[in-house]
Amino acid sequence: RLPAALRLAERIVRLERSTISAVNLEIEDVRRAQQQAREAGASAGRLAQLQRDERNLERRYEELQTELVDLVADSRSESVVLESADGRTKELELIQIVHAYKPNAMSVVDKTGLYLAKLWEFIADDPREANTEGGIFPALFGTVMMVLIMSVAVVPFGVLAAFYLREYAAQGAAVRAVRIAVNNLAGVPSIVFGVFGLGFFVYVLGGSIDALFFPDRLPAPTFGTGGILWASLTLALLTVPVVIVATEEALAAVPREHREGSLALGATKFETMWRIVLPNAMPGILTGLILAMARGAGEVAPLMITGVVKLAPTLPLDGNWPFLHLDRKFMHLGFHIYDVGFQSPNVEAALPMVYATTLLLVGIIVALNLAAIMLRNRLRRRFSTGAF
């Protein structure tokens, strides 16, 4: 009976999160189209067609809601009575049981298979019971995606700034002041960057984007509230001093003879920078990126006010247009550890989840660092002095 109940539970989840959610999005799109058509003075035929589309979608939504109610009623129709060793009994709905197994009757192979299944559940499933049970996939996905967006934002800006300061800017009081400012930024507490991200990215940039591109959704904010984009940009601003300093050191380590030889052969300064200096400095640039990714993946304070939440119902990446939703809030492993470890109603029961999540976060940082180190070493061998 349990496999059938689990299949019914999965069907209920798919109906709620996929089918009904998609119909809701279509209804919102039709209503916005109606508002835009009225403001643009569309014909009566166009407005009537949009109204018919809305009625059809609402009818479809009601049918799905009825189907959902019936499925939930079916799921609660079966129950099981459990008895503990001391004679106490408890009746549970069958749909509430996640796993049922007999540990004492298991062989070593069965126990190994159960362990691997529980490990996969921890990585790939959604959290349950106030994040103290189930998996951590939304937090894992949000952490990796945030680090990738942060890296895409911080590397071009940091590398270009370092190139300008080292190779193009006239060395003087202004450049020294900029370097001092960059070094000071590296020591600013992370929560200060979070407050700046909330004020500048969320309220100023996000509010301006809503006023320009999403006026039909106001006063409900789209980008004018915390989201994964603003959290990633805040961490990019937090880690850009690390990239600038590491890139400048890498540029300074490129032998002067390489620049002079390139210029002597007729290459322009831009060609020299692009084909000679940048490839040779790439290992050092990757060092800065490694440090930035490691720090960004472990930060929590700035994220708490720029987009991270305790539980995100939907991922920033899904099958609905435009597929990548940078305005959505997200979950993060660091905040998940804080929430489960210090905000849980039963801290002792949540300790295994805290330890496992912490180990996974450390493992992700180590994996990202190892991948970047391997790439850096490969580039270093390729562009070493002996290769010329």
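Start by selecting helix α8 (residues 256-264) and helix α9 (residues 269-298), whose axes come within 10 Å and cross at roughly 145°. Helices here are DSSP runs of H or I with at least four residues, numbered from the N terminus. The axes are lines fitted to C-alpha atoms over the stretch in contact, and angles run from 0 to 180 degrees between N-to-C directions. This is a predicted model in which local features need pLDDT of at least 70, side-chain atom pairs count only at pLDDT 80 or more, and totals for chains, interfaces and linings use all residues. Residues are numbered from 1 along each chain as its sequence is written, and side-chain values use heavy atoms, with hydrogens and water left out.

Stay with the two helices and show their side chains. On the α8 side, select His258, Arg259, Ser262 and Leu263; they meet Lys269, Thr272, Met273, Ile276, Val277 and Asn280 in α9, where contact means heavy atoms within 4.5 Å. The contact of α8 with α9 has four nonpolar, four polar and two charged residues. In this count Ala, Val, Leu, Ile, Met, Phe, Trp, Tyr, Cys and Pro are nonpolar, Asp, Glu, Lys and Arg are charged, and the others, Gly among them, are polar.

Lysine 269 lies over the face of tyrosine 168, at 4.6 Å from the ring centre; the criterion is NZ of Lys or CZ of Arg within 6 Å of the ring centre and within 35 degrees of the ring normal.

Now select Phe196, Phe200, Phe201, Phe214, Phe223 and Trp230, which ring pairs link into a cluster. Rings of Phe, Tyr and Trp (its six-membered ring) pair if their centres lie within 6.5 Å; planes under 30 degrees apart count as stacked, over 60 as edge-to-face and the rest as tilted. The whole structure has ten aromatic pairs. One of them is the tilted pair of phenylalanine 214 and phenylalanine 223, 5.8 Å centre to centre with 35° between the planes. Phenylalanine 223 also pairs edge-to-face with tryptophan 230, at 6.2 Å centre to centre and 70° between the planes. Both phenylalanine 223 and tryptophan 230 are buried, that is, under 20% relative accessible area with a 1.4 Å probe, protein chains only.

Move to proline 219, in the loop between α6 (190-213) and α7 (228-253). A cis peptide bond joins leucine 218 to proline 219, with omega about 5°. Most peptide bonds are trans.

Finish at leucine 114 in helix α3 (residues 108-124). Leaving aside neighbours within four places in sequence, leucine 114 is in contact with Tyr101 and Met106.

Definitions and conventions. Buried < 20%, exposed > 50% of the residue type's maximum accessible area, 1.4 Å probe, protein only.
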